[in-house]
Amino acid sequence: MPIRFYCASCARPIEVDDEHAGKVAACPYCRQVVPVPPQSTYVPTAQPVERSPEVFETAALAPRRRQAARTYGTYAIVLGIIAYGLMIATVLLTPPQVREKLASGPPATGPVSRQELARWQEQQVREVLEELRNNPLQPALGCGGLFFAICGLVLGIASLAQSRSGNWRGFVGLGLSVLYLLLQCAGSLFFVMLSRGAG
Ligand SMILES: [Zn+2]
């Protein structure tokens, strides 16, 4: 009894001998290698049905998956590197006034009261925000970095979903974007806390 099923790729009816249940077969129409179900998924009709010309063990799919994992992983790494490049550009393009403000400590003239310190912090945050508002390039670079990191994250996950064993590209790509996002979160959190402290 042949197994009759629809091609998972082009949805046309095909059949293979039942000894091939659970393997993969090449579709005679679209040439895609598709899984063979354990039993027929449609009732035969008068309509003639093409037989699959090639049937492989499921393992034949493994090289394809490894190839896909490599491709996704490589893209994930490239996107991660672009994200870090944009992060470095953001830092390098920070206007010197902002950098000085972020680096400078509170005014160290004599004992400083809590209120004075809070007022100073508030002033700092306001000035930094003002500077950033005058510099739309920087937030744009930051958003660009975030975008590439998220794309890298998705591709890293896609790569590992294809294959995990020995897939260093997938792990490196995923690691790069996760680290980027953590750094970005830590940076934002730091800034929010600074603003809170000032408020
Ligand atoms: Zn097909």
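In which sense do strand E2 and E5 pair, and over how many bridges? Strand E2 (residues 13-17) and E5 run parallel, joined over two bridges. Strands pair here if DSSP finds at least two bridges between them. Helices (H or I, at least four residues) and strands (E, at least two) are DSSP runs, numbered from the N terminus.

The model is predicted: local features need pLDDT of at least 70, side-chain atom pairs count only at pLDDT 80 or more, and totals for chains, interfaces and linings use all residues. Residue numbers start from 1 along each chain as its sequence is written.

**View 1. Three strands make an open, mixed sheet.** The order is E1-E2-E5. Strand E1 (2-6) and strand E5 (50-51) stand at the edges with a single partner strand each, so one side of each has no neighbour in the sheet. E1 and E2 run antiparallel and are joined by five bridges. Ile-14 of E2 stands opposite Phe-5. Ile-14 also stands opposite Glu-50 in E5. Glu-15 faces Arg-51 in E5. Strands of a sheet pair through backbone hydrogen bonds, either parallel or antiparallel.

**View 2. E1 and E2 form a hairpin with six residues between them.** Ala-11 lies in the loop between E1 and E2. Its phi is positive, about 70°, although Ala-11 is not a glycine. Most residues other than glycine have a negative phi. Is Ala-11 buried or exposed? Ala-11 is exposed, because 10 other C-beta atoms lie within 10 Å. The cut-offs are 20 or more such atoms within 10 Å for buried, 12 or fewer for exposed, and partly exposed in between, with C-beta atoms placed from the backbone.

**View 3. Arg-31 also has a positive phi of about 70°.** Arg-31 is not a glycine. The residue sits in the loop between strand E3 (24-26) and strand E4 (33-35). Arg-31 is exposed, because 12 other C-beta atoms lie within 10 Å.

**View 4. The largest nonpolar core has 16 residues.** A nonpolar core is a set of buried Ala, Val, Leu, Ile, Met, Phe, Trp, Tyr and Cys residues joined through C-beta atoms within 7 Å. Among those with the most contacts inside this core are Ala-76, Leu-79, Phe-148 and Tyr-180. Helix H1 (62-92), H4 and H5 each supply at least two residues of the core. H1 gives the largest share, eight residues. Another core, of nine residues, lies apart from it and includes Ile-3, Phe-5, Val-24 and Ala-25.

**View 5. Ala-83 is one of the residues with the most contacts inside the largest core.** Which residues does Ala-83 contact, leaving aside its neighbours within four places in sequence? They are Gly-145, Phe-148, Ala-149, Gly-152, Ser-177 and Tyr-180. Contact means C-beta atoms, placed from the backbone, within 7 Å.

**View 6. Helix H4 (residues 137-162) has 26 residues.** From first C-alpha to last, H4 reaches 37 Å, close to the 38 Å expected at 1.5 Å a residue. The expected span is 1.5 Å times one less than the number of residues. Buried residues in H4 include Leu-141, Gly-145, Phe-148, Gly-152 and Gln-162.

**View 7. Ser-163 is found in the loop between H4 and helix H5 (168-198).** Ser-163 is buried, because 20 other C-beta atoms lie within 10 Å. Ser-163 touches Arg-65, Arg-66 and Ala-69, not counting residues up to four places away in sequence. Ser-163 and Arg-66 are 97 residues apart in sequence, yet 5.9 Å apart in space, C-alpha to C-alpha.

Terms used. Contact = placed C-beta atoms within 7 Å.
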